[in-house]
Amino acid sequence: MDPNEIINTLPEKSENGLYGKSFLRSWDMTDSDIKAVASGAGILKALRDENISPKYFESGIAVSMFSKKDMGMGLAFASGCDLLGLTIIDMDRKLGNNAISETATMASYMADALGVCESDFVEKSARYIKRISDSVEESQKNGVIAQKPCVLNLGSDEDSPVQTIADLQYMADRFGGIENLKGKKIAVTWAYSPNGTRSLAVPQGILSLVTRFGMNVVLAAPEGMELMPDAYTRAEKNAELSGGSFSRVSSMEEAFTDAEIVIPINWAPYSFLEKRTELSAANLGTYIDLLEHELRENNKEFIDWEVTEEMMEKTKDGKALLMHDIPADVTDISCIRGEMTAQVYNANLPCLLAEAGMRPYVIAAMILLSKSEDPKAAFKNIAEKGVKRYF
Amino acid sequence: MDPNEIINTLPEKSENGLYGKSFLRSWDMTDSDIKAVASGAGILKALRDENISPKYFESGIAVSMFSKKDMGMGLAFASGCDLLGLTIIDMDRKLGNNAISETATMASYMADALGVCESDFVEKSARYIKRISDSVEESQKNGVIAQKPCVLNLGSDEDSPVQTIADLQYMADRFGGIENLKGKKIAVTWAYSPNGTRSLAVPQGILSLVTRFGMNVVLAAPEGMELMPDAYTRAEKNAELSGGSFSRVSSMEEAFTDAEIVIPINWAPYSFLEKRTELSAANLGTYIDLLEHELRENNKEFIDWEVTEEMMEKTKDGKALLMHDIPADVTDISCIRGEMTAQVYNANLPCLLAEAGMRPYVIAAMILLSKSEDPKAAFKNIAEKGVKRYF
Amino acid sequence: MDPNEIINTLPEKSENGLYGKSFLRSWDMTDSDIKAVASGAGILKALRDENISPKYFESGIAVSMFSKKDMGMGLAFASGCDLLGLTIIDMDRKLGNNAISETATMASYMADALGVCESDFVEKSARYIKRISDSVEESQKNGVIAQKPCVLNLGSDEDSPVQTIADLQYMADRFGGIENLKGKKIAVTWAYSPNGTRSLAVPQGILSLVTRFGMNVVLAAPEGMELMPDAYTRAEKNAELSGGSFSRVSSMEEAFTDAEIVIPINWAPYSFLEKRTELSAANLGTYIDLLEHELRENNKEFIDWEVTEEMMEKTKDGKALLMHDIPADVTDISCIRGEMTAQVYNANLPCLLAEAGMRPYVIAAMILLSKSEDPKAAFKNIAEKGVKRYF
């Protein structure tokens with residue numbers, strides 16, 4: 001696709017709502033903001049595919065703060081930042097040290113981006129990321145730091161905007177534009193995993209995001225596998241406003257029937273995550289092990305929530321687009337029984353990989369839109385200069 | 001401040017005493033060397049604040065060798081090196097492997113800077129950093145490496161020149177020039193911390209450095225909290241030469257009274273550090289635990305050595321500049337009882353953060369002054385080219 | 001040496017057999033491929049020695065995947081990639097997770113090079129690196145990744161082509177060209193180390209490579225210290241074709257006598273490595289400890305396999321070139337008894353360090369030859385532009 005065409009769809013300088021902003025939750029962003037990020041990612045991908053280097057920074061660092069290793073998002077952040085010319089510095093960082101403002105500012109003296117991933121604690125994780133963003137703003141106001149880094153939520157307990165906007169842009173690419181997603185049935189379904197303790201960020205984030213663009217969203221989960229109460233009401237309200245729909249069913253089969261897009265994904269129930277957060281605050285590690293053990297045992301009841309070839313057959317024309325925020329738990333490949341069979345995984349691998357490949361571009365787009373007062377001009381400048389990434 | 005004005009204060013090519021040098025201890029540097037580093041830091045900060053990229057290297061690496069993680073200094077080294085265009089490579093490195101020259105040279109094949117932080121062992125730590133510097137020099141002499149990296153002491157058992165020169169430049173900024181520090185009272189005082197095992201590098205380094213610039217330096221510490229014997233005699237001699245003064249008192253209150261600058265800081269007594277070094281050499285880890293436990297118990301006697309609002313009131317006009325090589329141990333924020341109260345910390349946070357923000361620039365200045373034969377010309381070149389860091 | 005002279009020896013675009021290739025084993029490469037890599041390394045070194053930056057990439061990342069830390073090769077990969085303009089991202093990676101294609105592709109979205117080091121398991125390690133290379137190729141074919149990173153074997157169970165080609169180029173430098181190696185006697189001998197569990201990659205790789213260039217290769221090892229059976233037959237066949245020779249003797253002394261080059265190196269016998277791989281697959285860690293203990297005990301019988309000054313005296317004119325893929329186990333320096341005495345080590349240190357210093361250039365040459373369709377033109381372009389690395 002011609003990058004210049006997409007550049008023309010970006011908001012003018014006077015209408016850029018993202019300048020100086022952090023990216024904490026997609027539901028704090030306007031539709032126009034979200035489209036700008038998705039378009040920005042599309043432009044950056046188109047440029048790089050043509051061997052044009054979208055280097056925006058001559059020097060500068062980006063600091064990653066992961067509470068635990070996440071290979072996929074870690075590489076995505078590193079790749080996206082490098083694309084713009086930023087060097088990654090990894091900072092080991094555990095939630096718990098209270099002097100967040102000190103830490104955040106020390107990381108920000110020369111940083112243009114802070115990527116934070118912290119998803120273990122209900123409410124606390126999101127609040128932690130928010131406090132980092134607030135501290136950085138405060139330090140800029142006080143003149144302590146010359147420039148404010150853009151703070152990116154790379155995965156919290158409640159949302160994962162990089163993942164979900166990357167998914168949106170990937171779907172838009174596949175179906176010829178965001179506007180073409182309107183009216184399409186998308187199934188978001190719980191799937192079995194022997195691990196079983198994943199956060200709610202991705203399923204909640206997806207529901208909240210795609211209901212804004214007129215899709216017909218069906219959520220399927222076994223009894224008890226609840227999201228945060230907000231997640232349902234937000235999806236309902238969004239669907240109503242956008243002319244789409246949101247419904248909940250109790251079987252994967254029902255959700256998959258005639259769907260054009262399917263997203264199987266494992267998550268832990270909200271009640272479990274609340275309990276674990278409580279036990280963690282009380283330093284009761286042994287009881288956390290027990291709690292996780294019980295969840296895994298309980299999950300075995302739902303071992304049939306696995307995407308098989310038969311299940312895929314029920315989708316529209318038997319060929320729905322399968323999406324997943326890989327790495328996935330795949331039967332016979334990474335575990336004995338997982339979210340999908342090896343057949344389904346292998347048949348859809350190129351798509352799954354292409355979907356995940358959008359993340360670095362979304363990250364780079366967020367940073368550029370936040371750091372540039374006039375990103376439309378900045379993108380034009382990059383495209384016109386057309387510096388080759390290598391010769 | 002206009003960077004060109006500061007550039008004019010730099011020594012001419014023929015008088016640059018830092019070319020090819022390592023930065024091990026401030027007391028091995030002349031006054032002119034120290035001023036050049038402080039000015040260099042000021043220039044780099046002024047340029048970057050104006051969005052000019054002081055990139056000096058087209059490519060090249062900087063290797064960091066920390067015996068244990070130090071978030072603040074680690075980020076400072078990474079940021080400072082990135083500013084000049086160098087990529088950071090982290091090298092896990094423990095004191096003990098004897099083939100130092102091999103290690104140092106392997107790290108140096110393409111490195112323009114080696115940042116070494118090793119503070120656990122009395123005498124041995126400083127000797128270790130010195131040997132790295134010597135080995136690198138030897139390898140260059142033998143033609144094994146084409147260029148010699150600048151070796152920086154990022155914190156040893158006896159000095160921390162990056163921290164102390166950053167502090168000097170920060171004070172100079174605040175009071176309108178290094179020459180204005182003359183005659184000012186500065187209090188360096190021991191402060192309580194539940195940790196209690198910090199090295200002597202910063203207090204010793206500060207005493208040694210500020211006594212050279214005519215300040216009236218008062219050191220306060222509880223009985224038994226001794227520095228290395230050299231530290232006192234060096235401070236005395238420096239004060240005599242510079243027309244300042246150096247005295248020791250036994251209460252924080254006496255030190256704070258009428259001071260214009262106060263530096264509360266925890267350190268472990270020299271006798272403890274000697275003993276720990278001895279036990280460590282004998283691999284007696286369990287006894288080290290016991291020794292540290294005893295120190296912490298003993299320190300509780302001095303729990304009142306805490307900077308409170310009342311204590312700050314005693315300083316000149318009640319508004320001395322509070323300095324600290326953060327992260328600090330703050331009462332009610334990072335511990336139950338620490339070096340200062342939360343009120344004092346919060347009221348002075350912007351300054352503390354701004355002080356720490358000078359470290360990356362000092363590191364970058366040291367590297368540039370060591371690597372460039374004519375740093376004055378190099379700085380002029382950077383300023384004239386005025387390449388924007390981002391557009 | 002004039003870089004342009006070496007550039008002229010590179011193959012023309014139409015004859016570049018390395019474009020798009022991975023570097024897994026030297027014996028999969030033609031003689032012309034190997035010479036191109038060695039020459040490329042020589043060009044890059046000559047350019048950098050003249051302060052010319054051979055930056056080929058404007059942005060881009062290189063991902064390192066080490067199953068365990070290897071300081072020397074890790075720094076070499078980082079330095080070599082930085083030389084070309086690539087930023088290093090370290091990826092913790094253990095053999096065992098089965099979804100290799102997923103991992104390899106996620107690392108490749110924006111990577112121009114993947115450096116893989118995995119040497120613990122007989123056959124499996126090499127297969128693992130091969131599968132990474134295959135997966136990346138597959139993902140490019142499927143359009144999932146826009147560009148294919150060059151996959152480099154930085155050390156497997158069977159070969160270490162970076163190390164061995166670096167050694168070849170170093171010898172060529174010392175003796176005035178690869179063609180001058182013909183007819184020279186080179187001794188590759190087992191040497192005692194208290195560690196004793198090193199892989200066969202380097203000795204096997206050296207034998208396989210130098211026999212291709214007409215050298216008279218003598219291998220010495222104590223009884224039972226067997227390489228993989230293939231290693232001997234490959235060396236024999238190569239020697240026959242190249243007009244050199246390959247023989248096995250049972251004492252270091254015999255091998256050293258009149259040799260012009262000597263390579264002492266410790267390795268573990270093939271039978272031990274096979275057994276350890278088997279125990280590892282069965283998760284029998286305790287038995288691995290026992291097996292390693294037995295090997296170390298057994299090795300003590302061969303404690304006299306140490307390079308001493310007397311041993312060096314036996315070489316041609318008493319001054320053979322001593323080579324080693326440092327770090328080495330040196331008596332009295334890094335252990336009580338090791339591969340060579342401290343006297344021998346110290347006397348030859350500049351050479352050992354210079355040898356190891358060739359690795360970054362070999363890595364950079366491999367990447368450039370694999371990524372550029374016309375590397376001869378690319379090298380010419382770099383030399384003509386002559387961008388200073390620093391001014």
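This is a predicted model: local features need pLDDT of at least 70, side-chain atom pairs count only at pLDDT 80 or more; totals for chains, interfaces and linings use all residues.

Me: By what turn can chain A be laid on chain B, and which rotation axis relates the two copies?

Reply: The superposition of chain A on chain B has an RMSD of 0.0 Å, with a shift of 0.1 Å along the axis. The turn that goes with this shift is 120 degrees. The two copies are therefore related as by a three-fold rotation axis.

Me: Which residue of chain A comes closest to the rotation axis?

Reply: The distance is taken at the C-alpha, and for the closest residue of chain A it is 4.3 Å. The copies use different surfaces, as 4% of the contact residues of chain A recur in chain B. The residue of chain A that comes closest to the axis is Thr87(A).

Me: Which element of chain A gives the most to the side that touches chain B?

Reply: In this interface, 27 residues of chain A are in contact with 31 residues of chain B. Strand 2 (87-90), helix 4 (100-108) and helix 15 (375-385) of chain A each supply at least two residues of that side of chain A. By class, the side of chain A that touches chain B has 14 nonpolar, 9 polar and 4 charged residues. The most, 4 residues, comes from helix 4 of chain A.

Me: Which element of chain C gives the most to the side that touches chain B?

Reply: Contacts here link 32 residues of chain C with 28 residues of chain B. At least two residues each come from helix 2 (31-49), helix 3 (71-84), strand 2 (87-90) and helix 13 (342-356) of chain C. This side of chain C divides into 18 nonpolar, 7 polar and 7 charged residues. With 7 residues, the element that gives the most is helix 3 of chain C.

Me: Which are the edge strands of the open sheet in chain A?

Reply: The sheet is formed by 5 strands in the order 7-6-5-8-9, and the pairing is parallel. Within it, 5 bridges join strand 5 (185-190) of chain A to strand 8 (261-265) of chain A, and Ile186(A) stands opposite Ile261(A) of strand 8. An edge strand pairs on one side only, and those that do so are strand 7 (245-249) and strand 9 (321-322) of chain A.

Me: What angle does helix 7 of chain A make with strand 5 of chain A?

Reply: Helix 7 of chain A packs on the sheet. Its contacts there are with strand 5, strand 6 (216-220) and strand 8 of chain A. The direction of helix 7 makes with that of strand 5 an angle of about 160 degrees.

Me: How are helix 7 and helix 8 of chain A oriented to each other?

Reply: The axes of helix 7 (201-210) and helix 8 (229-242) of chain A come within 8 Å and cross at roughly 20 degrees. The crossing is left-handed, and among the residues that make the contact are Leu207(A) of helix 7 and Arg234(A) of helix 8. Because angles under 35 degrees count as such, helix 7 of chain A is, relative to helix 8 of chain A, roughly parallel.

Key. Residues are numbered from 1 along each chain as its sequence is written. Chains are lettered from A and ligands numbered from 1 in the order in which they are written. Two residues are in contact if their C-beta atoms, placed from the backbone, lie within 7 Å. Ala, Val, Leu, Ile, Met, Phe, Trp, Tyr, Cys and Pro count as nonpolar, Asp, Glu, Lys and Arg as charged, and the others, Gly among them, as polar. Axes are lines fitted to C-alpha atoms, for helices over the stretch in contact, and angles run from 0 to 180 degrees between N-to-C directions. Angles under 35 degrees count as roughly parallel, over 145 as roughly antiparallel, 65 to 115 as roughly perpendicular and the rest as oblique. A crossing is left-handed if the near helix is turned anticlockwise from the far one by less than a right angle, and right-handed if clockwise. Copies are superposed by least squares on the C-alpha atoms of residues with pLDDT of at least 70 in both. Two strands pair if DSSP finds at least two bridges between them.
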